[in-house]
Amino acid sequence: MKSSASSNTSYTWTSQKSPIICKCGYECPMWTSQKPHSKGKRFFGCPFYKVREKYYGFFTWYDDVDRVSKTNEMTYKIAALEAKISELQALKKMEVGELEFKLKVKDAEISHLKWFKFGFIVILCALIMRFCL
């Protein structure tokens, strides 16, 4: 167990595995407050508390862990759903692209058939005119 104190904060830190992940991506260590108004009360906080450039300001009392854990769980579920939505949107774009390509191929086939039909009619007219006149 480590102890630390600064001009406005006093706490002890335990190396227990944390169920909470900070916005910085690291586990939030459990601290024990040494301040007079909350002495002995445990809390989780950003692991970069002392490094102001990296500090994300995360803090929750140990008593609130269930609420925060559920929030983290929901955040992960939302992220997974957003990833699935993105995957489905990409799949939809691919399918739409394939359908557009198939439509262009069919349009080209129809265009060729129109020219074939026109050519056939011209030849048929020519043959009729030759044998009937």
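Strand 5 covers residues 59–61 and pairs with strand 4 in the antiparallel sense over three bridges. Strands are said to pair if DSSP finds at least two bridges between them. Please keep in mind that this is a predicted model, in which local features need pLDDT of at least 70 and side-chain atom pairs count only at pLDDT 80 or more, while totals for chains, interfaces and linings use all residues. Residues are numbered from 1 along each chain as its sequence is written, and side-chain values use heavy atoms, with hydrogens and water left out.

Strand 4 also has strand 3 as a partner: the two run antiparallel and are joined by three bridges. Within this pairing, Trp 31 has Phe 43 of strand 4 as its bridge partner. Which way do the residues of strand 3 point? Met 30 and Thr 32 point one way, Trp 31 and Ser 33 the other way, and all are buried. Here, buried means under 20% relative accessible area and exposed over 50%, with partly exposed in between (1.4 Å probe, protein chains only).

## The chain as a whole

Stepping back, the chain has one helix and five strands. Read from the N terminus, the order is β-β-β-β-β-α. These elements are DSSP runs numbered from the N terminus: helices are H or I with at least four residues, and strands are E with at least two.

Of the 133 residues in the chain, 20% are buried. Among the contacts with a separation of 6 or more, 28% are between residues 24 or more positions apart; a contact means heavy atoms within 4.5 Å. The chain exposes about 10,800 Å², and carbon and sulfur atoms supply 64% of that area. Accessible areas come from the Shrake-Rupley method with a 1.4 Å probe, and for residues only the protein chains shown count as cover.

## The loop between strands 3 and 4

Gln 34 sits in the loop between strand 3 (30–33) and strand 4 (42–45). Its side chain and that of Lys 39 are joined by a polar contact of 3.1 Å. A polar contact is a pair of N or O atoms within 3.5 Å; within protein, one must be able to donate a hydrogen and the other to accept it, and residues adjacent in sequence count only if both atoms are side-chain atoms. Gln 34 is partly exposed, at a relative accessible area of 25%.

Is Ser 38 buried or exposed? Ser 38, found in the loop between strand 3 and strand 4, counts as buried because its relative accessibility is 8%. The side chains of Ser 38 and Ser 33 make a polar contact of 2.7 Å. Neighbours within four places in sequence aside, Ser 38 is in contact with Ser 33 and Trp 61.

How many salt bridges does a search of the whole structure find? The search finds two, a salt bridge being a side-chain nitrogen of Lys or Arg within 4 Å of a carboxyl oxygen of Asp or Glu. Lys 84 and Glu 87 form one of them, at 3.7 Å from N to O. These two residues lie about one helical turn apart, because they are three residues apart in helix 1. Lys 84 is partly exposed, at 41% relative accessibility.

Glu 109 forms a salt bridge with Lys 106, with 3.6 Å between the closest N and O atoms. Glu 109 and Lys 106 are also three residues apart in helix 1, so about one helical turn separates them. Glu 109 is partly exposed at 39% relative accessibility, and Lys 106 is partly exposed with a relative accessible area of 49%.

Phe 120 belongs to helix 1, which spans residues 65–132. Together with Phe 116, Ile 121, Leu 124 and Ile 128, Phe 120 makes a nonpolar surface patch of about 510 Å². Patches are made of residues with over 30% relative accessible area and no salt bridge; like charges are joined within 9 Å and nonpolar side chains (Val, Leu, Ile, Met, Phe, Trp, Tyr) within 5 Å.
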